[in-house]
Amino acid sequence: MDTPSPIPLDFEAAARLWDAYAEAHPGRAAAAGEYTVEAFGDSPALADELLSLVLDGRKRATSSDVAGYAAEGEPLPRIGVHWIVCDGAGEPHVILRTTELRLGTFNDADEAFARDEGEDDLSLDSWRREHRRFWQRTAAARGGSWSESDELVFERFEVVWPAEANLGSS
């Protein structure tokens with residue numbers, strides 16, 4: 001089992017990326033107000049892999065364990081919120097905007113959501129296999145456990161900056 005390793009996020013570079021977005025889209029940036037700086041996954045390698053899928057246009061959704069937000073003292077995402085995604089070295093690459101959210105459990109994921117997450121072979125079976133492993137691993141790293149009845153956040157997003165990163169989307 002892989003051991004999660006922290007990703008040191010470059011908040012100063014993220015602020016510069018946000019400033020470029022705000023200069024190009026002042027209305028959207030002002031309406032958003034704040035943004036978060038994050039990386040996908042729980043290791044540098046997974047962060048790089050998932051960011052690559054976003055940049056390729058294949059990944060337009062993600063899912064999270066609600067308990068992870070609680071453990072970090074972070075609020076759940078909201079529709080319209082912006083987040084800056086970093087690679088495994090903590091360097092920011094892209095700004096995303098949440099377009100859809102729903103709460104559910106592991107068994108509420110469907111084929112369409114698995115496809116929109118853009119991972120593995122895009123099937124619900126691989127989504128279930130890999131996400132089960134991921135949430136078990138991250139819960140154990142927090143000193144807890146995970147079960148399929150735990151509440152999850154199912155989130156869809158759009159790439160808003162840089163504009164050229166949105167070329168792969170349909």
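Reader: Taking a salt bridge as a side-chain nitrogen of Lys or Arg within 4 Å of a carboxyl oxygen of Asp or Glu, how many salt bridges does a search of the whole structure find?

Author: The search finds 11 salt bridges. This is a predicted model, in which local features need pLDDT of at least 70 and side-chain atom pairs count only at pLDDT 80 or more, while totals for chains, interfaces and linings use all residues. Residues are numbered from 1 along each chain as its sequence is written, and side-chain values use heavy atoms, leaving out hydrogens and water.

Reader: Where do Glu130 and Arg133 sit relative to each other?

Author: Both are in helix α6, 3 residues apart, which means a separation of about one helical turn; helices (H or I, at least four residues) and strands (E, at least two) are DSSP runs, numbered from the N terminus.

Reader: Which residues are joined into one network?

Author: Salt bridges with shared partners connect Arg28, Arg97 and Glu158.

Reader: And what does Asp42 pair with?

Author: Asp42 forms a salt bridge with Arg137, with the closest N and O atoms 2.7 Å apart. The two lie 95 residues apart, Asp42 in the loop between β1 and α3 and Arg137 in helix α6.

Reader: Is Asp42 buried or exposed?

Author: Asp42 is buried, at 11% relative accessible area (buried is under 20%, exposed over 50%, partly exposed in between, with a 1.4 Å probe and protein chains only). Arg137 is buried too, at 13%.
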